[in-house]
Structures are given as C-alpha cells and as structure tokens.
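I would ask you to keep the sequence and the structure in view while I speak.

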Amino acid sequence: MSTALNPDEHLDGSGNRISPALRTEALEQLLTERGLVDPAVMDKFIATYETAVGPLNGAKVVAKAWTDPEYKARLLAEGTAAIKELGFAGPQGEHIVVVENTDTVHNVVVCTLCSCYPWPVLGLPPAWYKDPAYRARVVREPRKVLAEMGCELGDDVEIIVRDSSAEVRWLVLPQRPAGTEDYTEEQLTALVTRDAMVGVAHVTK
Amino acid sequence: MSATPSLIDLDADAQSAPPRANGELVFAEPWESRAFGMAVSLHDAGLFAWSQFQAALIARIAAWENHHPEGECYSYYTQWLGALEDVLAGDGTVFTDEIVQRAEELAARPAGYDHRHDDGDEHGHGHGHGHGH
C-alpha cells in the first residue's frame, strides 16, 4: 500500500492524469461505503457556506461596533466572544482577533502559508486571497498591492500586514466613512464589504 | 468538536442577501464543493483535528509552489484534495491506491451511466473492511 502521494502526482496506473473531479468522486464513494461520511451531511455543510455564512455576518459585527462603543471595546479585546454575542460561531472562528483601521494605521490580512480565514464572519475566502501571488506580494509590497486593488493609502499611513494562522484569524474593523453619522446600524451594515474586512478596500458611502 | 448546531442556526440568515456584490462563486466547480464538504464533515465527525488537515494543506501548497509542471495553473482545491488524501492515507483510513483504482473504474463508465445507485454491484471488490491499523 502506498501512503502519501507525491505532491504533483495525480496519475493513474497507466500514468494518465486523473482529474480532481474523478478523484473526489472516488474518495467520496469510498468514504461513504465505509460509513465515514454521509453525503446528506456534506450537502448541508456545503449549502451553509454557499448561501448562509458569508460577509453579511461580518458586516453586522462591524456596523454594531461603529454604533455601540461598548461593543466595539469588547470586540477589540475579545474578538471571538464578541462575535459570538451576535450568534456567529463555528469552524475557523475559534481565534478571531479584530484590528481597527484608523487615520494612521491600515491593517491588511493574508495567510502566507495557506488560506486561514475567519469563516463564521466572512464565509469562505475568495480566489484572490488563496492565490500565490497575493500571498507572496502583499507581504513584500503591501502599499503597491493595495493600490493595484484600488485601495490607495497616504504615505503617512502605516500598513500592518496580518498573517493569519491556526492560532489567529484576523478581521479588520474598517473606518466608518464620513457623512454616515445619521445612518442606522442596518444602513451601515449594507455599506460594509468583504474586501474592507480583509483590509484591501475602504468602506465608502 | 462539533460545531454543527451553530452552523445550522446561521441558516436563519439565508433569506437576507449577503453583500456579495461581485457575485463571485464560492466554488468554481462542483467537485470543489464536494472536496470541501468531505474535509469539513470528516473533521466534524472527529476523524482528524483541523490542525492536522491544515498542516497537510500547508505542505501541499508549499510543495506546489516549489515545483509544479510547467504551465500548470494553481488550483487551491486540488491542493485541498491532496491534503485530505494525505491525512486519510497517513492514518490508514483510505489509501491512495484505492482512490486511484476507484477513479479508474469511474473513468471507464459508459457515457450517461447513472452513478447514483447504491447497490454495490459495480464495486463489490476489495474495499470492504479490515483496513486500518
């Protein structure tokens, strides 16, 4: 019996490449036959992340922090616990640390080694977040990468790159845009984007 | 270990529209969602710690970044699937040979073959029991 695959080897017995779709189907069949996965349970997990858990959760957290100073203090002190107050918890949400963007400091999040991401508040990461180019470049030249993504920052703004890991999942508390003083929490929620909570965009009115 | 209840509770949010203005799909192809769902449900069932899977994923991604066939595009979920296979092979749950063999059988299906049956006629060999330790 072989053990782990050679990383770039996805070949069948005749040396032909097996598509990941076929490999996945084969693995699901084997696991199902052995009673280790239940396709119906899988369906439920998949549907949850396709439709229910997404950046709207994080947007609610941000909007509450903008309108409730005590909540904001709790959020910055104990991210996971404060997020749970709003009912958002689950896998990859165990160690969320929230950092605040200000006039002088801009936080941007990456996972240099893989794709760690706070699922309960942002859902699953977008393609660019997982891409080798983003993961390598945002560490080396954050200001340039951010500008390319449409997030211009003044030279006086310090950029802090936050590297997510199994120990810490970062969430950015973006700056509340000017001119929204009379907005309700619901109106503010609608302004907050996923990209702003990763730190690659500003929130705009 | 089980985080299912809180996940299910969040379904209450399903009717409100998340700010996904860019309309990006979470999964580009159906198999990606199956590979994702398998890892999450196996972990949820206690088959492995997430840190174990994550270490395997980091190793796969690093290996791909160090060396990959010229012209091959990066596919995150291909690395994810590889990591899952590594974890399952590592503890003897499912061996790579078995996956390859089953995949070959699936590839040999005639077009239009209904693969949703569960009667086991097609694959009654060699996968039953006694794997493991």
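I begin with a term: a residue is called buried under 20% relative accessible area, exposed over 50%, and partly exposed in between, with a 1.4 Å probe and the protein chains only. Please note that this is a predicted model, in which local features need pLDDT of at least 70 and side-chain atom pairs count only at pLDDT 80 or more, while totals for chains, interfaces and linings use all residues. Residues are numbered from 1 along each chain as its sequence is written, chains are lettered from A and ligands numbered from 1 in the order in which they are written, and side-chain values use heavy atoms, with hydrogens and water left out.

Let me turn to the cysteines of chain A. A:Cys116 is buried, at a relative accessible area of 3%. The loop that holds A:Cys116 runs between β2 and α6 of chain A; helices (H or I, at least four residues) and strands (E, at least two) are DSSP runs, numbered from the N terminus. A:Cys114 is placed in the loop between β2 (105-110) and α6 (119-122) of chain A, and with 2% relative accessibility A:Cys114 also counts as buried.

What is A:Cys114 in contact with, leaving aside its neighbours within four places in sequence? Contact means heavy atoms within 4.5 Å. The partners of A:Cys114 are A:Arg135, B:Gln54, B:Leu57, B:Ile58 and B:Ile61. For A:Cys116, with neighbours within four places again left aside, the contacts include A:Cys111, A:Tyr129, A:Arg169 and B:Gln54.

How many disulfides does the structure hold over all chains? The number is zero, where a disulfide is a pair of cysteine sulfur atoms within 2.5 Å. A:Cys111 is in no disulfide, and the nearest cysteine sulfur, that of A:Cys116, is 3.8 Å away. The sulfur of A:Cys114 has its closest cysteine sulfur in A:Cys111, at 3.8 Å, which is too far for a bond. A:Cys111 is buried as well, at 1% relative accessibility.

An unreviewed UniProt entry carries the annotation "binding site" for A:Cys111, A:Cys114, A:Ser115 and A:Cys116. Positions from UniProt are given in the numbering used here, feature names are shortened, and annotations may be inferred rather than shown by experiment.

My second topic is the aromatic rings. Rings of Phe, Tyr and Trp (its six-membered ring) pair if their centres lie within 6.5 Å; planes under 30 degrees apart count as stacked, over 60 as edge-to-face and the rest as tilted. Over all chains, a search of the whole structure finds 19 aromatic pairs. One of them is edge-to-face: A:Tyr49 and B:Phe36, at 5.5 Å centre to centre, with 80 degrees between the planes. This pair joins two chains, because A:Tyr49 lies in helix α2 (residues 39-52) of chain A and B:Phe36 in helix α2 (residues 30-44) of chain B. A:Tyr49 is buried at 1% relative accessibility, and B:Phe36 is buried with a relative accessible area of 1%.

Ring pairs link these residues into a cluster, whose members include A:Tyr49, A:Trp119, B:Phe36, B:Tyr77 and B:Trp80.

Finally, I mention charges over rings, a term that requires NZ of Lys or CZ of Arg within 6 Å of the ring centre and within 35 degrees of the ring normal. A:Lys64 lies over the face of A:Tyr71, 5.3 Å from the ring centre, and A:Arg162 over that of A:Trp170, at 4.7 Å.
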